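The structure comes first, followed by the text.

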Amino acid sequence: MQRYSGFGLVKHALNHHENWQRQWRNPTPKKQYDIVIVGGGGHGLATAYYLAKVHNITNVAVIEKGWLGGGNTARNTTIVRSNYLWDEAAALFEHSMKLWEGLSRDINYNVMFSQRGVLNLGHTLQDMRDIQRRVNANRLNGIDGEVLDAKGVQEIVPILDCSSRARYPVLGASWQPRGGVARHDAVAWGYARAADALGVDLLQNTEVTGFKIRDGRVHGVHTNRGDIEAKTVGCVAAGNSGVLAKMAGFKLPLESHPLQALVSEPLKPVLDTVVMSNHVHGYISQSDKGDLVIGAGIDGYVGYGQRGSYPTVEHTLQAIVEMFPIFSRVRMNRQWGGIVDTCPDASPILSATPVKGMFFNCGWGTGGFKATPGSGHVFAATLAKGEAHPLAAPFSIDRFHTGALVDEHGAAGVAH
Amino acid sequence: MFHIYCPYCEEYREEEEFHPRGQAHLQRPADPENCSDEQWGDYLFFRDNPRGIHHELWVHSVGCRKFFNITRHTANYEILETYKMGERPSITAETLAADERQSGVQTASGGWQTVGARPEDEALNTEARA
């Protein structure tokens, strides 16, 4: 792999940047791999990278029906934080946060991780009690967090309407300074390039059409480019996880919903942090390019169409204008939808399945991007050893029968 | 934006008047006290979530406030029918598959969605070429 560096940039400038190496190969599928990963988004590529790097398993294929990072990795609002309420979730997301902090160096790819802080606003007394409880829980788990009053919030975000005239006045917020944003595409591309350099085959335009299952054990996958044998299969297909599970003959406790986001025309720097509000229900940050990146809740119906309804967009912008009257005349540039796989308890599934050798990493719902490195890291360990990594163990699919749910609806930051 | 026919109001109304309430025709176990954990967990949490025909419960929340059912395609979002509580759907994935076989039409139901591109629509493609 050609290493990226400032020196390399200067060197390539001499020949007009025409001789950069391709970032990854485009290999022909082999007949057999040790491990096959279905889904070439951020989580799948991270899993492949950590399998090769940490566990020395390089005979791995990532099978992607479209192009790398073309699903939810390309469609999220790039927010990274780890201020989750329960110990299990906090441990998983904080593990991820620690990987984020060294990621660009680790994969030699600038993922533009910017720890500009994340505010979760409170607009009612109950919001503030929940925020205090969550911040206290975070600090006990070694995660940074502070409770701010309205004045403290106003100091961080001068353009936020913190007056008592607002319909839902801001009473305070939780503040995680280590939270922030990262460049979503770069995360997928960086992991893809690093995994490819370690020998992982990235098979794009390859759609899984079925699984080879004999005697309750997986032996490989059928694809539109022929059959591929593998004793271990990891499915990391976000919104389409339910469809894969159906092919394998079992159900998952997931519902796939459209989640929409939108960006505005580029503006001069005006917002240097991430502001989220559960109560008026919207979240916003400003990208390095200057666009306001805006998101809110899911469309309530089941949908695989990667698009949602117009009223949801309208509600999203109502919430943003409620918080930031200054943005009332900003024009929106683009709007899109992704398919998120929501779990009943708003926590992910990292689990073995009724089929031996087949594992699922799904159910991240509306908050999967922030978990990309951690999810890949623990799922790689799960695939390599054939049993759940300690951080992944509480997120087994069994919890929907034992009742040991990890209820993160409140602390997930934005209502689901 | 959906335009939904409420079977009680007998009128088409805009989506904003309605709320989706998840999968329809769920059977609550008759004897919950004697359910196994598996049966009870399945009832509470596990849903069909198909990419294709889906029967779902909606409520006309700012209209007549009654619950009713919609049969809808979850990939192209087409609403195939709406029907009252207690009724059975006349269109299901099975009847639709049978119809397609009979008329010999290959549908692109549930494929990968590419924004703006509709390769299955011959008329549009011809128009684009001309």
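## A covered helix and a chain interface

In this predicted model, helix α7(A) is mostly covered, with 12 of its 14 residues buried. Among the buried residues are A:His184, A:Asp185, A:Tyr191, A:Arg193 and A:Asp196. The elements that cover the buried residues of α7(A) include α2 (42–55), α3 (87–101), α4 (103–107), β8 (201–203) and α10 (372–385) of chain A.

Helix α7 of chain A runs over residues 184–197, and at 1.5 Å a residue its 14 residues should span 20 Å; the end C-alpha atoms are 20 Å apart, so the two values agree. A:Gly199, which follows α7(A), has a positive phi, near 105 degrees.

The second topic is the interface of chain B and chain A. Here 28 residues of chain B are in contact with 28 residues of chain A. The two chains bury about 2700 Å² between them, and 57% of this is on carbon and sulfur atoms.

| Item | Value |
|---|---|
| Salt bridges between chain B and chain A | one |
| A:Lys251 to B:Asp48, salt bridge, N to O | 2.9 Å |

On the side of chain B that touches chain A, the elements giving two or more residues are β3 (19–23), α1 (37–45) and β4 (53–59) of chain B. The largest share, five residues, comes from α1(B). By class, this side of chain B has 10 nonpolar, eight polar and 10 charged residues.

Note on methods: Residues are numbered from 1 along each chain as its sequence is written. Chains are lettered from A and ligands numbered from 1 in the order in which they are written. This is a predicted model: local features need pLDDT of at least 70, side-chain atom pairs count only at pLDDT 80 or more; totals for chains, interfaces and linings use all residues. Side-chain values use heavy atoms; hydrogens and water are left out. Contact means heavy atoms within 4.5 Å. Buried area is the accessible area (1.4 Å probe) that two parts lose on being put together, summed over both. A salt bridge is a side-chain nitrogen of Lys or Arg within 4 Å of a carboxyl oxygen of Asp or Glu. Helices (H or I, at least four residues) and strands (E, at least two) are DSSP runs, numbered from the N terminus. Ala, Val, Leu, Ile, Met, Phe, Trp, Tyr, Cys and Pro count as nonpolar, Asp, Glu, Lys and Arg as charged, and the others, Gly among them, as polar. The expected span of a helix is 1.5 Å times one less than its number of residues. Buried means under 20% relative accessible area, exposed over 50%, partly exposed in between (1.4 Å probe, protein chains only).
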